[in-house]
Amino acid sequence: MKKRYTLEQKHWDSPADHAMPEHSRVPASFTIGNVRIAPATVLAPMAGVTDTVFRRFIKNASQFATSVSDTNVEEATTNQQSGCGLIMTEFTSADGLARTRESKRKRYLTFYDDEHPISAQLFGSNPASLAESARIVQDAGFDLVDLNLGCPAKRVVRCNGGSGLLRDLPLIERIFRTIRAAVSIPFTVKFRMGWSDAEIVCVDLARLAEDCGLNAVALHARTREDGYTGQARWQYIAAVKDAVRIPVIGNGDIRTPEDAAAMVHATGCDAIMIGRGAPANPWIFRQIAQYTASKEATGIGSYDIPTDQDRYRMIRTYFQMLVDEIALEEAAESARAAAIIASGQVARDLRQRDAVGKMKQFAAWFTHGIPNGSALRRAIFEARTGPAVLAAVESFFATRAQDPGVHGNSRDIEQNDTLLTAAAFCN
Ligand SMILES: Cc1cc2nc3c(=O)[nH]c(=O)nc-3n(C[C@H](O)[C@H](O)[C@H](O)COP(=O)(O)O)c2cc1C
């Protein structure tokens with residue numbers, strides 16, 4: 001049975017362990033049109049995941065990372081170097097956006113100043129509404145606009161959107177040209193290899209994108225029929241890279257800094273994109289940056305392994321950001337909500353209602369890799385309010401802090417030590 005395209009899609013099929021490439025590393029930067037992206041790493045668009053809270057959480061990952069296990073978690077950190085070069089919104093329906101009243105669009109296109117550079121992803125199959133939506137995205141201040149030609153979900157494919165379009169290159173060409181003519185910001189496309197193994201179109205599609213003036217392409221190296229099964233076939237990323245001069249972003253099955261270097265080594269891609277690896281291990285971009293820098297300096301890649309204290313800070317930071325964002329949204333949406341938010345108890349209930357759902361959703365990702373993480377998951381799922389969730393997190397880590405044997409630490413990774421890191425983050 002095909003896997004579903006949901007947040008539950010958090011496991012990798014038989015993850016491959018890559019031999020550590022000696023010389024390759026993720027490039028320090030690349031440019032898409034006139035936008036410089038440094039380092040050459042991209043957070044993949046993920047519906048239900050990459051909203052503004054998660055994007056800023058990833059961008060500020062250094063706030064909850066420290067290799068010193070007994071640091072006071074209340075202490076502010078100043079290091080903003082996240083290691084993630086570009087973030088993207090989850091996909092937004094072009095038809096929906098073009099139809100929505102201006103006052104309501106903010107709901108779909110919210111981002112903050114510290115998110116630049118940021119790309120907005122659209123899906124649809126109507127060239128006119130896609131072009132109109134691309135203009136809206138440009139006017140909203142996004143740095144780039146991206147077209148989704150990869151989504152395998154039936155309700156999207158049924159309307160010819162996402163990977164449904166992969167069977168109609170002439171329509172894709174019309175869409176490319178119409179969007180290109182509508183906006184001046186860089187325009188990119190993210191696609192799968194084709195509908196099925198019998199209909200692989202990725203090389204033709206990348207050439208078409210280049211001919212139509214697109215500024216970069218990103219390939220998730222699977223077909224629509226693959227869903228998420230099997231391993232991403234990176235050789236198709238290499239084939240696309242050979243075929244075009246615009247930047248190529250490789251995507252599929254990067255779970256560790258070693259994987260990222262291995263993809264660059266195997267494909268020559270200009271940048272790498274990470275999806276499921278980010279919620280499973282929010283430190284991944286920072287670890288890639290550390291791995292790249294240390295490898296360049298010493299020939300041996302090393303990076304910090306999160307300590308218990310780091311995990312605690314991470315979970316608490318994300319949950320608090322969720323509560324704060326929801327309060328802000330509600331305050332902005334109605335004066336009544338704003339008044340209630342100012343008034344204490346009721347406000348807390350309002351704020352928590354939506355936040356708790358998201359906390360539970362993310363608990364499943366964040367608790368992987370934590371020894372006895374299932375107990376924390378259970379406690380979070382049993383909690384009914386935001387403070388109860390936070391209390392469950394506090395209590396779990398407080399108990400663990402009394403066991404001195406549980407802290408991880410920074411360590412060097414030997415050249416062939418891929419298995420260890422994969423096991424640490426992706427159980
Ligand atoms: C929960 C979830 C939601 C996704 N939503 C989108 C989306 O909105 N747009 C898109 O282009 N790809 C979407 N994808 C695909 C990812 O961007 C990415 O191509 C895929 O997960 C493979 O990369 P990975 O192996 O690093 O996860 C989604 C994937 C997941 C798991």
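Reader: Which residues touch the most other members of the largest nonpolar core, and what makes a set of residues a nonpolar core?

Author: In this predicted model, the largest nonpolar core has 112 residues, and Leu149, Phe176, Phe191 and Ile272 touch the most other members. Such a set is called a nonpolar core because its residues are buried, are of kinds such as Leu, Phe and Ile, and are joined through side-chain atoms within 4.5 Å. The largest share of this core, nine residues, comes from helix α12, which covers residues 308–333. In soluble globular proteins, nonpolar side chains tend to be buried together.

Reader: What is Leu149 in contact with, leaving aside its neighbours within four places in sequence?

Author: Among the residues in contact with Leu149 are Leu165, Leu166, Ile172, Phe176, Val189, Phe191 and Leu205, and the list also includes Lys190 and Arg192. There is also a second, separate core of five residues, which includes Phe91, Cys151, Ala153 and Val156.

Reader: Why is the packing of α8 and α9 called oblique?

Author: Helix α8 (residues 235–243) and helix α9 (residues 257–267) pack at an angle of about 50 degrees, and their axes are 8 Å apart. The crossing in which α8 passes α9 is right-handed. On the α8 side the contact is made by Ile237, Ala238 and Lys241, and on the α9 side by Met263, Ala266 and Thr267.

Reader: How do you know which residues of that contact are nonpolar, polar or charged?

Author: The residues of the contact divide into four nonpolar, one polar and one charged. Within α8, Ile237, Ala238, Val240 and Ala243 are buried, and what covers the buried residues of α8 includes α7 (202–211), β9 (216–220), β10 (248–251) and α9.

Reader: Why is Ala280 called buried?

Author: Ala280, which lies in helix α10 (residues 277–280), has a relative accessibility of 13%, and because buried means under 20%, Ala280 counts as buried. The C-alpha atoms of Ala280 and Ala363 are separated by 10.0 Å, although these residues are 83 residues apart along the chain. In the protein chain of 427 residues, 59% count as buried.

Reader: Are Asp253 and Asn372 buried or exposed, and how do you know?

Author: Asp253 is found in the loop between β10 and α9, and its relative accessible area of 13% is under 20%, so Asp253 is buried. Asn372 is in the loop between α14 (345–366) and α15 (373–382), and its relative accessible area of 52% is over 50%, so Asn372 is exposed.

Reader: What makes the phi values of Asp253 and Asn372 worth a comment?

Author: Most residues other than glycine have a negative phi. Asp253 is not a glycine, yet has a positive phi of about 70 degrees, and phi of Asn372 is likewise positive, near 65 degrees.

Reader: Which peptide bonds are cis, and where do their prolines lie?

Author: A cis peptide bond joins Ala38 and Pro39, with omega about -5 degrees, and Pro39 lies in the loop between β2 (35–37) and β3 (41–43). The peptide bond from His116 to Pro117 is cis as well, with omega near -10 degrees, and Pro117 lies in the loop between α3 (102–109) and β6 (118–123).

How values were computed:
Residues are numbered from 1 along each chain as its sequence is written. This is a predicted model: local features need pLDDT of at least 70, side-chain atom pairs count only at pLDDT 80 or more; totals for chains, interfaces and linings use all residues. Side-chain values use heavy atoms; hydrogens and water are left out. Helices (H or I, at least four residues) and strands (E, at least two) are DSSP runs, numbered from the N terminus. Buried means under 20% relative accessible area, exposed over 50%, partly exposed in between (1.4 Å probe, protein chains only). Axes are lines fitted to C-alpha atoms, for helices over the stretch in contact, and angles run from 0 to 180 degrees between N-to-C directions. A crossing is left-handed if the near helix is turned anticlockwise from the far one by less than a right angle, and right-handed if clockwise. Contact means heavy atoms within 4.5 Å. Ala, Val, Leu, Ile, Met, Phe, Trp, Tyr, Cys and Pro count as nonpolar, Asp, Glu, Lys and Arg as charged, and the others, Gly among them, as polar.
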